[in-house]
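Visitor: Could you walk me through this one? I'd like to look at the packing and then at a few side chains.

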Amino acid sequence: MEKHMDTRNLVLYALFAALIFILGLTPLGFIYLPIAAITTVHIPVIVGSYVHGPKGGALLGGIFGLTSLIRCFSTPDATAAIVLGTGTGFGAYNLVLVVAIIFLPRVLTGLFSGLIYKGIAKTGKELLAMGAAAVAGSLTNTVFFLGGLYVLAFEQTAAAMGVTGQNLGAALLKTLLGVVAVNGVLEAVAALLLCSAIGKACMAYLHRQ
């Protein structure tokens, strides 16, 4: 029985990882805007955190981060130029940006989703747990990603977004909050609907096994 469970877990990890790569490396996973993107890649990360818990969610989030890094090279955009130092050269600080902006938000997405799901599911309210974890995970990705750009790459982000003015900090913050209000909310709503539906079906199947 234990061997069967280990095999099943490996198969599920492989399935979620494959979905992340498919969404992360094809147009199916991203709708690009000038500096941010409405993404569906976090969906298998969040659902995977229901199945595998916080540690598994963090691992799947790391795979999400890997696909994001690959896209920085294969389909460069404004974020890729900031993180990889296009035009200025890749240095030690760019490595910090890769970790803090590309990987950390994705890892935390899976980790927080798993923790929230696990905590609420203990009360027996599984659907509520899925919905809360999905919204929190989606917003985690958005807030930490944009927050990392603001804190660690302020000037580059302002230039990429065309933000100017005397009070540059306030102007850029207002612009990024606008992205959160539009992109972040849309992603959170999509995550709530999709992760709840997919997660419910997935967990029902696993409970029958």
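Predicted model: local features only at pLDDT ≥ 70, side-chain atom pairs only at ≥ 80, totals over all residues.

Visitor: Which residues touch the most other members of the largest nonpolar core?

Guide: Those are I20, Y50, Y117 and C195, in a core of 25 residues. Helix 1 (2–24), helix 2 (42–74), helix 5 (126–152) and helix 7 each supply at least two residues of this core, and the largest share, eight residues, comes from helix 2.

Visitor: And what does Y117 touch?

Guide: Not counting residues up to four places away in sequence, Y117 touches Y50, E126, A129, M130, A133 and M203.

Visitor: What does its side chain reach?

Guide: The S196 side chain reaches the backbone oxygen of L192 at 2.6 Å. Leaving aside neighbours within four places in sequence, S196 is in contact with L127, M130, G131 and A191.

Visitor: How many aromatic pairs are there?

Guide: There are three aromatic pairs in the structure. In one of them, Y150 and F154 have ring centres 5.4 Å apart and planes at 85°, so the pair is edge-to-face. Y150 is partly exposed at 25% relative accessibility, and F154 is partly exposed at 24%.

Visitor: What sits over the ring of F64?

Guide: That is the charged end of R106, which is 4.8 Å from the centre of the F64 ring.

Key: Residues numbered from 1 in each chain as written. Heavy atoms only, no water. Polar contact = N/O pair within 3.5 Å; in protein donor to acceptor, adjacent residues only side chain to side chain. Contact = heavy atoms within 4.5 Å. Phe/Tyr/Trp six-rings, centres within 6.5 Å; stacked < 30°, edge-to-face > 60°. Buried < 20%, exposed > 50% of the residue type's maximum accessible area, 1.4 Å probe, protein only. Lys NZ or Arg CZ within 6 Å of the ring centre and 35° of its normal. Core = buried A, V, L, I, M, F, W, Y, C linked by side-chain atoms within 4.5 Å. Helix = DSSP H or I, 4+ residues; strand = E, 2+ residues; numbered from the N terminus.
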